[in-house]
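Please look over the model below before reading the points.

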Amino acid sequence: MKKKSDKHPAAGENTASPAAGLFGDLPAPAPAPARKSGLLAFSYSKLSLYEECPLKYKFKYIDKIKEEPKYYFSLGSSIHTALEFLYAVKAPPFPSVEEVCEAFKRDWNLKSYLEKGYRTQQRSDDDFQKGVLMLRAYYEHNRARLAPPFLLEYSTDVEVDGLLVRIIADKIEYQGGGSVLVTDYKTGKDVKRAPTQLYMYQKITEMDPRLREKIAETYGHKVASVRIGGMLYYHVPSNKEYRFARADDREIGSFWERVLEAAESVRSQKFDPAPGERQCSWCDYKKLCPNFSGSGRMPQPARAADDPVETLVDRYGRLKERIDELQVQLNEVAEGIGRAAGSGGEYAGSQYTAKVKKNLKWEFKDREAVIGVLNQFELYQKALTLTLTGIVGVLESDALPEEARKKLLEQAVKKTVYEIKIAKKEGLI
Ligand code: SF4
């Protein structure tokens, strides 16, 4: 259950040393994308990095310029190692929680705090303690249902549509009849994720001939095909599970089109920078990036108007998808703040402050039905305009006949909404 993809170059990848250090001279011209037997090695990590910024993808996967170590990957990687140790038994008994923590410590101590990406020993020690607590809580939470999985840290490369696609599944459980449950452990922030990574697991797992062989080897019966019975993200810090049913063919089809489109762009060596605050602020390649001024300012986005319309359509689609994913997260966070705030209040994080106000808001389910009620009772004029405020004004008026109020209420829902005014703390930029 090691942190995937960053540690394991996919089959067929070029593993030559970079032509220059991270902050050294510009690298030599990029070789053609790595291939094996004409196949392009691809993975979910590659897809997401390409969609984030094609130039960053080039620096990392084509030029092979190493990124600086990231402390959050170190913690995740050692937690994965400890969980792998826990489940790597053919039959109970399982290792004790002390042994699991010892496995975590062994892996943690393989690198110094600097090699792990921490600025100070103290920060590294704090995360070590956090990891131990996390594993103890995981063990306690799962103690009663520990069972040896079918496969652990299962890595496979499958040829499909001119690609050699690698997946590494943390844990696969066999449910009989060719059905498998794939688990992916997450150790970062607890955000509900869009299941796109799981689409990749589904597509590749169900095409993988080795998996059928392994079922035959382990369970002694042949299956004609493997089918995903379910997929889950397990968030280790909170012990929360996000379960996803098998995606339908339409979802997988449009996801796969996205993969093929990105792969085609890699083949065509389209590596234009796609600057943005989020991706650039975490980018180790700023000093190599022609879009970065070197003054510490964010690079300016390329002028969209200069691009061909096909490029703009794809870019628009990707941005829209990103907005939708962010909107889901934003709603969840707002709900969490609302729940904590109760009837409202003021709160401060380390960077932001928030004023929260609880309100009740009417919503009407069917606009046409509301107009029908207003017409029936000759209230159309009273609403003045058919805005929410106008209709609510009619609904709350004392003069409204009871029958009309009843009919309007059938179309209305009263919802609790939280108005959150957010501000950056003074002195922070
Ligand atoms: S600095 Fe921004 S635009 Fe440049 S490579 Fe990094 S992510 Fe891409």
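The notes cover a helix pair, a hairpin, the ligand shell and one serine.

1. Basis. This is a predicted model, in which local features need pLDDT of at least 70, side-chain atom pairs count only at pLDDT 80 or more, and totals for chains, interfaces and linings use all residues. Residues are numbered from 1 along each chain as its sequence is written, and side-chain values use heavy atoms, with hydrogens and water left out.

2. Helix pair. Helices α12 (residues 367-376) and α14 (residues 402-410) pack at about 175 degrees, their axes 9 Å apart. α12 is therefore roughly antiparallel to α14 (an angle over 145 degrees, on a scale from 0 to 180 degrees between N-to-C directions, with axes fitted to C-alpha atoms over the stretch in contact). Val370, Val373, Leu374 and Gln376 of α12 meet Ala404, Lys407 and Leu408 of α14; contact means heavy atoms within 4.5 Å.

3. Strands β3 (residues 151-160) and β4 (residues 163-176) pair in the antiparallel sense over nine bridges, where pairing requires at least two bridges by DSSP. Leu152 stands opposite Lys171 of β4. Two residues separate the strands of this hairpin, and Asp161 in the turn has a positive phi of about 50 degrees.

4. Ligand shell. Around the ligand (a heavy atom within 4 Å) are Cys53, Lys56, Pro273, Pro275, Gln279, Cys280, Cys283, Lys286 and Cys289.

5. Ser78. This residue is found in helix α3 (residues 71-87). Ser78 counts as buried because its relative accessibility is 4%, the limit being under 20% with a 1.4 Å probe and protein chains only. Beyond neighbours within four places in sequence, Ser78 contacts Phe104, Asp107 and Trp108.

Definitions and conventions:
Helix = DSSP H or I, 4+ residues; strand = E, 2+ residues; numbered from the N terminus. Parallel < 35°, antiparallel > 145°, perpendicular 65-115°, else oblique. Buried < 20%, exposed > 50% of the residue type's maximum accessible area, 1.4 Å probe, protein only.
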